[in-house]
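Please keep both in view while reading.

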Amino acid sequence: MSYLFNAIIIVVLLVMLGLFVFTWLISKRVEAGMPPEGNFITIQGTRVHYLEQGQGPAMVMIHGLSGVAQNFGYQVLGDLAKTHRVIAIDRPGSGYSVRHPRSAATLNVQADIVAGLIDALGLDKPLLVGHSLGGAVSLATALRYPGKVSGLALIAPLTHKPKETSKAFAALNIPYLWLRKLVGWTVAIPLSIRNRDKVTELVFGPEAVPKDFPTRGGGFLGMRPSQFVAASSDAYALNAALPAMQQCYGAIALPVGVLYGRQDHILDPQEQGQALADALPGTELELVDGGHMLPITQPDLTSEFIRRQSLRSAVAE
């Protein structure tokens, strides 16, 4: 019996070793094919990677869960850089930004990083542009540092704790860091590759996934264990952070605009967008036909929305 048990243990260890090696090879292949395109700056011990283009009034763009700065770089960043100084960041732990080992994944900590970046780059009250989870980070920044920003342009933002987690992200709600790393370095990437089409169709639906999203939109950068661990940490931290933060929205005195796709399959426009408008009078809520990934599927519409919010914030100043 002991021989059988030992044999099973050896097989399990060999399988896990094989998964680790496969994951490592995929990660290195992705990084070799898609190296960092921007600059790096260290904020509060966190090495932040960011893309920057243009001159003029400043904007800081913050991507969503499992996303990267290139989600905006697909087109929106270039469009807006014609008239603005635009900075798109990789949130801590995402893309090529490295989360400080002792830093939590809470919204407040990420807001501190955004505020620190605003100071370090000498930005004069930029407009914060937040997509999905980036919307929650933008709201947290506005609450903690209202004097550092001019307004918020939120695209399909996460504003309240969802009643149900989307199937696309359900596997990320892992409570222990060691377990996130174990999953990230073994089964996460092989399963992501296997289920990639199903997940992207859900995230983008009902709109089509652009064929060049993996490269031009940064999709391939999600095929790395560090990205999985960061996304899982972000998702789990929201359980405690969102209920507390959503009680404070009435304190925001900045111009806020929200753009939502009526057919969003990831977040409910009523539960998130309308709920924010109800909690924060003066919020401009725009509903359009489309899904969750508007910065990529409808970049022209998204850019125009951001321009309107930039003008609105400038007038309010």
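Where does D124 lie? D124 lies in the loop between α4 and β5, where helices (H or I, at least four residues) and strands (E, at least two) are DSSP runs numbered from the N terminus.

## Basis and confidence

The model is predicted: local features need pLDDT of at least 70, side-chain atom pairs count only at pLDDT 80 or more, and totals for chains, interfaces and linings use all residues. Residues are numbered from 1 along each chain as its sequence is written, and side-chain values use heavy atoms, with hydrogens and water left out.

The predictor's confidence in each residue is given by pLDDT, from 0 to 100. Its mean over the chain is 90, and 98% of the residues reach 70 or more. Confidence is lowest in helix α1 (residues 2-33), at a mean of 81, and highest in strand β5 (residues 127-131), at 98.

Helix α4 covers residues 107-120, and its 14 residues should span 20 Å at 1.5 Å a residue; the end C-alpha atoms are 20 Å apart, which agrees. The expected span is 1.5 Å times one less than the number of residues. Of the 14 residues in α4, 10 are buried, that is, under 20% relative accessible area, with exposed meaning over 50% and partly exposed in between (1.4 Å probe, protein chains only). Among the buried residues are L107, V114 and L117.

Just after α4, G122 takes a positive phi of about 65°. D124 counts as exposed because its relative accessibility is 67%. Between D124 and V11 there are 58 Å, C-alpha to C-alpha, and 113 residues in sequence.

## Nonpolar cores

A nonpolar core is a set of buried Ala, Val, Leu, Ile, Met, Phe, Trp, Tyr and Cys residues joined through side-chain atoms within 4.5 Å. The largest has 58 residues, and I89, L107 and L117 have the most contacts inside it. Helix α10 (residues 225-245) gives the most to this core, with seven residues. A second, separate core of 20 residues includes L51, A69, V76 and V129.

Contact means heavy atoms within 4.5 Å. Leaving aside residues up to four places away in sequence, I89 touches residues including V60, I62, A69, V114 and L117.

## Two further buried residues

T141 lies in helix α5 (residues 133-144) and is buried, with a relative accessible area of 0%. Not counting residues up to four places away in sequence, T141 touches A111, V114, L128, P146 and V149.

A188 lies in helix α7 (residues 188-194) and counts as buried at 7% relative accessibility. With residues up to four places away in sequence not counted, A188 touches V183 and F228. The C-alpha atoms of A188 and Y74 are separated by 26 Å, and the two residues are 114 apart along the chain.

## Aromatic rings

The structure holds three aromatic pairs. Rings of Phe, Tyr and Trp (its six-membered ring) pair if their centres lie within 6.5 Å; planes under 30 degrees apart count as stacked, over 60 as edge-to-face and the rest as tilted. Y176 and W178 form a stacked pair because their ring centres are 6.4 Å apart and their planes at 20°. Y176 counts as partly exposed at 49% relative accessibility, whereas W178 is exposed at 57%.

A charge sits over a ring if NZ of Lys or CZ of Arg is within 6 Å of the ring centre and within 35 degrees of the ring normal. R216 lies over the face of Y74, at 4.1 Å from the ring centre, and the charged end of R224 sits over the ring of Y96, 5.1 Å from its centre.
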